[in-house]
Amino acid sequence: MIETSVVESTYTDAGSGRAVVLLHGYPFDRSMWREQVDFLSAHGFRVVAPDLRGFGAMSDKLQFVADAEGNESARQAEADRTISSMSDMARDVARLMDELEIDQAGVCGLSMGGYVAFEFVHLFPSKVRALILAGTRAPADNESEKQARAKQVEQMLAKGMSDIAEATLSKLLAPRTLAAKPEVVARVREMILRADPLGAAAAQRGMAARRDYSDDLPSINVPALVIVGRQDPIRPVADAEFMHRGLSGSRLEIIEDAAHMTNMEQPEIFNRALERFLV
């Protein structure tokens, strides 16, 4: 397994065979895919999981400009204007694939990673062998959702990620996970707490500005799998069913006893669904 930095990305690269690229959610990093990297790389796939810009080791890249000014006010000024668009993230992934000499891959995105996957298949259709969309949706934000993102940006830049972590855990994880899987709860909380507020704010602005992908669905001509947690309040089953109807010939996998973080809450079920789809 290789973990390194190249072409504006830090990533995990494990296994050999047909390539699968895993795109993490918000405000997480590539470590959320640990079980999928281990499983798929042991079952005949090459798995690449990058940190998307502003997250994980990539947070240093966004922070550098502000820190170079030498004071906190410069960092705040940078935070107030930085946007990490979904198309920027998709282009980062394409550059990484080129550097790794991967011509085509199955692309799997969860939540924000799903938005990046939509942009990726739109911008680089020849690079996509199959598409997996988990805990995400096609429509853009409405005005109320945009305002909620802006409010969260203000909160994280003023107070950090602690309040956000505690407020969102009950939405990200199903009741059974919260009660019976303390290690998963701890991992999710820790990922949120170590997220750099500057990078998270830039991504929030990027998600608020993303376009509506609904009209893209009929033109996506690769095999597609839609995954959703039965108890996901953030991107509920109705969102998954909408994508499933729009993606010709797609499969729909509804995972019981899971909310938003299906891959971490029910990794065995999630992994087998990926394997069945990708073989």
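**Note on the predicted model: core contacts, helices, backbone and pocket**

1. **Phe 270.** Setting aside neighbours within four places in sequence, Phe 270 contacts Trp 33, Gln 36, Cys 108, Ala 134, Ile 227, Ile 255, Thr 262 and Asn 263. Phe 270 sits in helix α13. Its relative accessible area is 0%, so Phe 270 counts as buried. The cut-off for that label is under 20%.

2. Phe 270 and Glu 35 are 235 residues apart in sequence. In space, their C-alpha atoms are 9.6 Å apart. For the chain as a whole, take contacts between residues at least 6 apart in sequence: 77% of them join residues at least 24 apart.

3. **Overall make-up.** The chain has 279 residues, and 57% of them count as buried. Its secondary structure comes to 13 helices and 8 strands.

4. **Helix α1.** This helix covers residues 34–41. Its buried residues are Gln 36, Val 37, Phe 39 and Leu 40. Their cover includes strands β2 (9–14), β3 and β4 (45–50). Helices α12 and α13 (267–278) are also part of that cover.

5. **Helix α9, length.** Helix α9 runs over residues 182–194, 13 residues in total. At 1.5 Å a residue it should span 18 Å. The end C-alpha atoms are 18 Å apart, which agrees.

6. **Helix α9, buried face.** Which residues of α9 are buried? They are Val 184, Val 185, Arg 187, Val 188, Met 191 and Ile 192. Viewed down the axis of α9, these buried residues fall within an arc of 165°, so they line one face of the helix. They pack against α1, α7, α8 (175–180) and α12 (262–265). Note that a charged residue, Arg 187, is in the buried set.

7. **Backbone: the cis bond.** Most peptide bonds are trans. The bond joining Tyr 26 and Pro 27 is cis, with omega about -5°. Pro 27 lies in the loop between β3 (18–23) and α1.

8. **Backbone: positive phi.** Most residues other than glycine have a negative phi. Glu 101 has a positive phi of about 60°, and Ser 111 has a positive phi near 60°. Glu 101 is in the loop between α4 (86–99) and β5 (105–110). Ser 111 is in the loop between β5 and α5 (112–123).

9. The exposed label needs over 50%. Ser 111 has a relative accessible area of 11% and is buried.

10. **Largest pocket, size and centre.** The largest pocket holds about 620 Å³ of space. Its lining has 21 residues. Nearest the centre lie Arg 149, Gln 152, Thr 168, Gln 204 and Ile 234.

11. **Largest pocket, lining.** Helices α6 (143–159), α7 (162–172) and α10 (197–208) each supply at least two lining residues. By class, the lining has 10 nonpolar, 6 polar and 5 charged residues.

Note on methods:
Residues numbered from 1 in each chain as written. Predicted model: local features only at pLDDT ≥ 70, side-chain atom pairs only at ≥ 80, totals over all residues. Heavy atoms only, no water. 1 Å grid on protein atoms, 1.4 Å probe; cavity = no way out; pocket = protein on both sides within 12 Å on 5 of 7 lines; lining within 4 Å. Points joined across faces, edges and corners; volume = space filled by probe spheres on them. Helix = DSSP H or I, 4+ residues; strand = E, 2+ residues; numbered from the N terminus. Expected span 1.5 Å × (residues − 1). Buried < 20%, exposed > 50% of the residue type's maximum accessible area, 1.4 Å probe, protein only. Arc of directions from axis to C-beta. Contact = heavy atoms within 4.5 Å.
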